[in-house]
Amino acid sequence: MASFTAVLFLAILVACSGCLSSGPQDPGGPGFASTRTGVQDLYLYQNVVNTSGLPDPAKDPPGDSGIRWRAAIIRDAINVNNSVTRDYAVSIIPRSHGGSFNLAQACDLWEDVYRNWTYVDDPRGSEYFSPASRTIALGMKGDCDDFAIVVAAMIESVGGSSRIVTAQNGTGGHAYPELYIGDSSARFDTAAAYIRQRYHVTDVGCHITESADGTRHYWLNLDWWSRHPGGRFFADRGVRIAYYPDGTWEWSETP
């Protein structure tokens, strides 16, 4: 994951998009291919990450002087090697979904956190990021960034790749986790078909980051507001920051 993130930051220009794959409600199995016929069915909107190039990780973007502090805190809170985090994640996955990391495992983890979550605000006037192991020990309680951290950490602890996205709209800020699906639309289509089959839904949402060489990387939405993996995205003001488990970050905005 670290090498993948490094590629993103070395790119001269990176594009970030939202995508939505639409298909039949119940395709009958995870191997079913999407019925989309053109790229216009895939993309909801287009964003460009810093039209002058990628932000320097050593500097802060305009309007967010705490980004380096936040990136470091989130990195430490995603404590994938903590035995509490790892053991809890492993205990959730049923035998039928065992083996190398797969989308079914990610859904198992998300469902457990979603079903057991109790929302509790941060202390007034402060921004608190609970380590994943502590959130687990507390019985899955906290706010949106705590939810994002524990889901991302559990995914990482069983071999997946994740990141945390923060954004704001007219009423406040929000944080949510995303799962890395792969670098091809075919892999996303396969993942989307599984989501439709498992949750009996039609639309499956993701974000796409595009590197300078044209490679697209697909990230599945795991927000709690979505009610299922791949649900609708938080309606932000067009600016998002993605934080990675290695402490790096990516700033994107709608042109």
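**Figure 1. Aromatic pairs in the predicted model.** The structure holds 11 aromatic pairs, counted where rings of Phe, Tyr and Trp (its six-membered ring) have their centres within 6.5 Å; planes under 30 degrees apart count as stacked, over 60 as edge-to-face and the rest as tilted. In one of these pairs, the ring centres of Tyr176 and Phe233 lie 6.1 Å apart with the planes at 55°, so the pair is tilted. This pair links distant parts of the chain, 57 residues apart: Tyr176 belongs to strand β6 (residues 172-182), and Phe233 to the loop between β8 and β9 (239-243). Tyr176 and Phe233 are both buried, a term that denotes under 20% relative accessible area, with exposed meaning over 50% and partly exposed in between (1.4 Å probe, protein chains only). Elsewhere, Trp117, Tyr119, Phe147 and Trp224 form one aromatic cluster.

The model is predicted, so local features need pLDDT of at least 70 and side-chain atom pairs count only at pLDDT 80 or more, whereas totals for chains, interfaces and linings use all residues. Residues are numbered from 1 along each chain as its sequence is written, and side-chain values use heavy atoms, with hydrogens and water left out.

**Figure 2. Strand β6 and its partners.** Of the 11 residues of β6, 8 are buried, so this strand is largely enclosed by the rest of the structure. Strands and helices are DSSP runs numbered from the N terminus (strands E, at least two residues; helices H or I, at least four). Strand β5 (residues 162-169) pairs with β6 in the antiparallel sense over 8 bridges; pairing requires that DSSP finds at least two bridges between two strands. The hairpin that joins β5 to β6 passes through 2 residues. Within this pairing, Arg163 stands opposite Glu178 in β6. Strand β6 also runs antiparallel to β8, joined by 4 bridges, and here Tyr180 stands opposite Trp219 in β8.

**Figure 3. Arg163 and the ring of Trp219.** Arg163 lies over the face of Trp219, at 4.2 Å from the ring centre. A charge is taken to sit over a ring if NZ of Lys or CZ of Arg is within 6 Å of the ring centre and within 35 degrees of the ring normal.

Figure 4. Strand β7 (residues 203-210) is mostly covered, with 6 of its 8 residues buried. Its antiparallel pairing with strand β8 (residues 216-221) extends over 5 bridges, and Glu210 stands opposite Arg216 in β8. The two strands form a hairpin with 5 residues between them, and Gly214 in the turn has a positive phi of about 90°.

**Figure 5. The buried side of helix α2.** In helix α2 (residues 67-77), the buried residues are Ile67, Arg70, Ala71, Ile74 and Ala77. They cover an arc of only 130° around the axis, which puts them on the same side of α2; the arc is that of the directions from the helix axis to the C-beta atoms. An α-helix has 3.6 residues a turn, so residues three or four places apart point the same way.

**Figure 6. Cysteines and the overall fold.** The structure holds 0 disulfides, a disulfide being a pair of cysteine sulfur atoms within 2.5 Å. Cys107 is buried, with a relative accessible area of 1%, and Cys144 is buried at 12%. The secondary structure comes to 7 helices and 10 strands, and buried residues make up 54% of the 255 residues in the protein.
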